[in-house]
Amino acid sequence: MSASTGRPGPLRIAILGFGKVARALCDLLVAGHGRAANGVPLFEIVAVASRSRGMCLADPAAGGLQPEDLLADNADASGAAWTTWPAGWDGTTFAREVSADVLLELTTLDAATGQPAIEHIEAALRSGKHVVTANKGPIAWDYARLASLAEASGRRLLFEATVMDGAPVFNLYRYCLRGCTVTGIRGILNSTTNVILTAMEAGESYAQALAGAQRLGIVEADPALDVDGWDAAVKLCALANVMMGAGMTPPAVARTGIRDVTRDAMSAAAQEGAAIRLIAEARYDDGGRVIATVAPRRVPRAGAFGQIAGTSSILTIQTDLLGALTITEQDPQLPQTAYGVLADLLEIAAESGRAVRPDRSEG
């Protein structure tokens, strides 16, 4: 608690994985987006771990690590320094041992297992930390168990940035669909395949379109994760596990990628007023089991799905009481992903009694 105000002090944050998303988050903090209504910082970065840089721990007597110093790779200015990992330490040890209120789990996705991010999250929750992650693997591979652990620990596990960047997909479900049952999910969720298919509509071959997407820097190091539908399948599992209680993992998704989509197929679709998009879909079968597919499908060119081009994305949530709700995201960049992380941090801050925003009830 702050002695002068009686309010809680800043949330102490440990960041595991200091890559593009973490740096974009620091940009937002430097711009003042992590402050209370009175301008006081809501967050204090106390530790950072990077696979390439090592670890950086704040000196408790000197305050936290300043985001502008971390961006400049000049942690010394915050009273600390990058050091090599202590002997025997890994990401799980960091998540467990570092003293913080919240772990930001921002490591790289392993679509095949969800590890080691699952172990990182479990270690943080068991050591009394809240967790915010942008890594969709744990939500696709082990959501139910991790959510139960968070509930039993009295801590939050939040993951808004895992699907559609910072678009409020999970918050929409969590707070705006109370009393509704989600009966289906349908979306265009992978930007790389969408960029490729959009380029093929303009006449490029698959190989040309893939090369163009690689030049944009949006293709995974292993393109198969995108073009064979794995990324979309992981995102679909995350959505279905949270919104439909699917309890499924990516191998359970019937998956067809876009390698075999040809310019002729694109032209034929266009002549019939259609477009081809990689569609991720989950629904209940007659026995109440969730069936999930990822595959290129024709959609009406003039419809909402047919209008999604480039890096944009779309998600339709089918409900029993409100019918179909559709949310789109236009050409997201890293700041949108970082906003998803920041939104989760702001939620934890608000729940812990910190004044996150001005009162909007007047005026």
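Student: Which residues is histidine 120 in contact with, leaving aside its neighbours within four places in sequence?

Tutor: Histidine 120 is in contact with Leu16, Gly91, Thr92, Ala95, Leu103, Glu105 and Thr107, where contact means heavy atoms within 4.5 Å. This is a predicted model, in which local features need pLDDT of at least 70 and side-chain atom pairs count only at pLDDT 80 or more, while totals for chains, interfaces and linings use all residues. Residues are numbered from 1 along each chain as its sequence is written, and side-chain values use heavy atoms, with hydrogens and water left out.

Student: Why is histidine 120 called buried?

Tutor: Its relative accessibility is 4%, and buried means under 20% relative accessible area, exposed means over 50%, and partly exposed lies in between (1.4 Å probe, protein chains only), so histidine 120 counts as buried. The residue sits in helix 4, residues 117-126; helices (H or I, at least four residues) and strands (E, at least two) are DSSP runs, numbered from the N terminus.

Student: What makes the pair of histidine 120 and glutamate 105 a polar contact?

Tutor: Their side chains come to 2.7 Å, and a polar contact is a pair of N or O atoms within 3.5 Å, of which, within protein, one must be able to donate a hydrogen and the other to accept it, while residues adjacent in sequence count only if both atoms are side-chain atoms.

Student: How do you know whether aspartate 331 is buried, partly exposed or exposed?

Tutor: Aspartate 331 has 44% relative accessibility, so it counts as partly exposed. Aspartate 331 is found in the loop between strand 13 and helix 12, and its phi is positive, about 45°, although it is not a glycine.

Student: Which other residue of the loop between strand 7 (157-158) and helix 6 (169-176) can we look at?

Tutor: Threonine 162 lies in that loop, and with a relative accessible area of 3% threonine 162 is buried. A polar atom of its side chain lies 2.8 Å from the backbone oxygen of phenylalanine 159.

Student: Where is tyrosine 206, and is tyrosine 206 buried or exposed?

Tutor: Tyrosine 206 is in helix 8, residues 206-216, and its value of 18% places it among the buried residues. Not counting residues up to four places away in sequence, tyrosine 206 touches Ile196, Met200, Val227, Ile258 and Arg259.

Student: How do you know which strands are the edge strands of the open sheet?

Tutor: Six strands form this sheet in the order 9-11-10-8-12-13, with mixed pairing. Strand 9 (254-255) and strand 13 (324-329) are the edge strands, each pairing on one side only.

Student: How do you know that strand 8 and strand 10 pair?

Tutor: Two strands pair if DSSP finds at least two bridges between them, and strand 8 (residues 182-188) and strand 10 (residues 274-284) have four bridges, in the antiparallel sense. Glycine 184 stands opposite arginine 283 in strand 10.

Student: What is the peptide bond from glutamine 115 to proline 116 called?

Tutor: That bond is cis, with omega near 0°, and proline 116 is in the loop between strand 5 (102-105) and helix 4.
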